Amino acid sequence: MNSTKITRWKIPFLLLMLIGITTACIPKTFEDLSCDPPTMTDKSPSLDAPPEPINISLNIDGSESMPGYLTNGASRYIKTIQLLDRTFSISDLVEYYRVGGPEKQKISRSKFLEAIKEGFYYEDRVTSNLTGAIAPQKEGKELLVLITDLYQNQGDVTAVNQKIRQHYLNQEGYAAGILAIRSEFNGKVYVVGSNRDNFNFPYNTEGKPIEKLRPFYVIFLGPYKHILYYFDKLQRDGGELIKNSEFTIFSPSNIINNLSVMSELKNPGEPIPGLKRPFSLNNGKVAIELPKNQPIELLEINPNFQEEIPIEYKVSLPILNEYTLPPSANSIQAKISKSKYYDESTKEFISSSKEPTIERKLLNSMQFSNWKVGSDRELNFTTTIKPNELPQANIYFFQVDVIANGLGEEDWWQNWNCEDRDCENDGSKTHNLEHFLQGLKSLTTDLMENNPIALARLCYAIQKN
């Protein structure tokens with residue numbers, strides 16, 4: 001065989017070998033890893049579209065602890081009664097009740113409007129009985145609205161909360177709303193839980209600043225969307241009356257609109273020891289290049305780095321509205337719902353569930369802690385990466401679901417509250433208020449235990465070198 005023929009034979013063979021070697025060195029690139037959360041329905045009704053018609057039960061506390069709010073004939077209490085009447089009187093499904101004594105008394109609308117006069121409270125003297133107002137609903141849905149100063153001892157408060165759970169919060173889609181308003185006052189403040197039976201003291205708000213006015217409350221019980229609609233309407237129509245007031249909704253299911261997905265570094269300018277945050281990952285065998293809108297955190301661990309790596313993050317929580325209580329930090333948990341690793345034999349990312357030993361290590365390779373819900377309704381937390389738990393040099397994918405089964409609380413609960421004799425001469429506080437609100441929070445949390453709220457979905461692709 002001459003040399004020319006040998007050369008012609010070798011050249012194609014060498015080219016095929018070179019192409020094969022070159023191809024073998026090109027890592028497989030993935031551009032389709034996904035962190036898409038499940039679609040959630042919008043739970044916020046339009047401000048301009050009232051919900052479907054509903055039975056409305058408008059109740060007013062007729063006990064002797066209320067007449068002091070009628071001072072000067074134009075108090076915030078009087079204006080609130082008139083505002084509520086304008087808000088609900090356009091419906092044909094409203095019934096009016098005077099609360100007090102063994103059972104609440106059904107009254108006419110004109111009689112309800114007499115609550116801006118002292119005679120309404122003195123013509124038939126009754127004691128406060130809020131448990132009697134929280135009655136079983138009629139057929140169909142009902143929105144119960146109750147105006148009261150919450151003059152109740154702790155036993156009464158517990159009974160009221162139990163009635164609220166029994167007749168309202170236990171129903172799917174129902175909630176409890178509290179509108180807290182400070183009003184001018186000149187009269188007797190009755191103290192429950194004091195060491196002296198039937199103790200009361202005079203209180204006059206004339207010349208006092210807004211924070212020293214006497215609180216009263218409008219309690220809303222019924223479907224969440226109706227409470228939200230009327231809260232929005234009262235905010236719009238109330239004007240100066242609603243300023244310095246507080247709105248809170250207790251709901252076991254209506255907390256956020258959509259899952260958070262994009263996590264940001266809490267201190268973006270600071271380097272993280274042992275870690276890089278590249279725009280893509282590539283270990284020579286597999287590469288990950290993602291579109292900018294795919295919220296997957298790409299992390300690369302430095303070679304031979306073995307120490308735990310804490311990373312501080314923040315996530316914006318899309319809380320439904322300003323009235324909704326955010327989740328409590330101590331009720332938040334994170335669970336790795338998916339873990340995958342690149343398999344060279346199949347050239348694909350496969351679930352670690354097929355290899356129990358690998359899965360155990362991957363589930364231990366990430367830890368989540370230091371949950372904090374900020375006043376700006378941002379969720380702050382720490383993700384700790386444990387390089388030693390990652391089985392070998394490879395690229396791993398994690399999907400993490402963040403859930404909560406409890407609600408937080410608000411500062412005004414304590415600021416407006418007093419217990420026993422701590423404020424027997426301070427009419428700007430409400431006895432046992434915090435006990436009542438904490439009770440509503442506990443009821444709501446109990447209902448969330450078996451149906452925790454999904455808050456966020458976090459995804460990480462981690463390259464161990």
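Let's start with strand β15, residues 296-301. Six of its six residues are buried, so the strand is largely enclosed by the rest of the structure. Buried here means under 20% relative accessible area, with exposed over 50% and partly exposed in between, using a 1.4 Å probe and protein chains only. Strands (E, at least two residues) and helices (H or I, at least four) are DSSP runs, numbered from the N terminus.

A word on the source. This is a predicted model, where local features need pLDDT of at least 70 and side-chain atom pairs count only at pLDDT 80 or more, while totals for chains, interfaces and linings use all residues. Residues are numbered from 1 along each chain as its sequence is written, and side-chain values use heavy atoms, leaving out hydrogens and water.

Back to β15. I296, L298 and E300 point one way. E297, L299 and I301 point the other way. Both sets are buried.

Which strands pair with β15? Pairing needs at least two bridges found by DSSP between the two strands. Strand β12, residues 275-276, is antiparallel to β15, with two bridges. There, L275 has I301 as its bridge partner. β24 runs parallel to β15, joined by six bridges.

The structure holds one. The term means a pair of cysteine sulfur atoms within 2.5 Å. Here C35 is joined to C459, S to S 2.0 Å. C35 sits in the loop between β1 (28-30) and β2 (55-61), and C459 is in β24, residues 453-464. The link is right-handed, with 85° about the S-S bond. Are these cysteines buried or exposed? Both C35 and C459 are buried.

Next, helix α9, residues 433-448. The expected span is 1.5 Å times one less than the number of residues. For 16 residues that should give 22 Å, and the end C-alpha atoms are 23 Å apart, which agrees. Buried residues in α9 include L433, F436, L440 and M448.

Last stop: S428. This serine lies in the loop between β22 (417-418) and β23 (430-431). S428 is buried, at a relative accessible area of 2%. What does its side chain meet? The side chain of D426, through a polar contact of 2.5 Å. Such a contact is a pair of N or O atoms within 3.5 Å; within protein, one must be able to donate a hydrogen and the other to accept it, and residues adjacent in sequence count only if both atoms are side-chain atoms. Beyond neighbours within four places in sequence, S428 is in contact (heavy atoms within 4.5 Å) with residues including R182, Y203 and W416.
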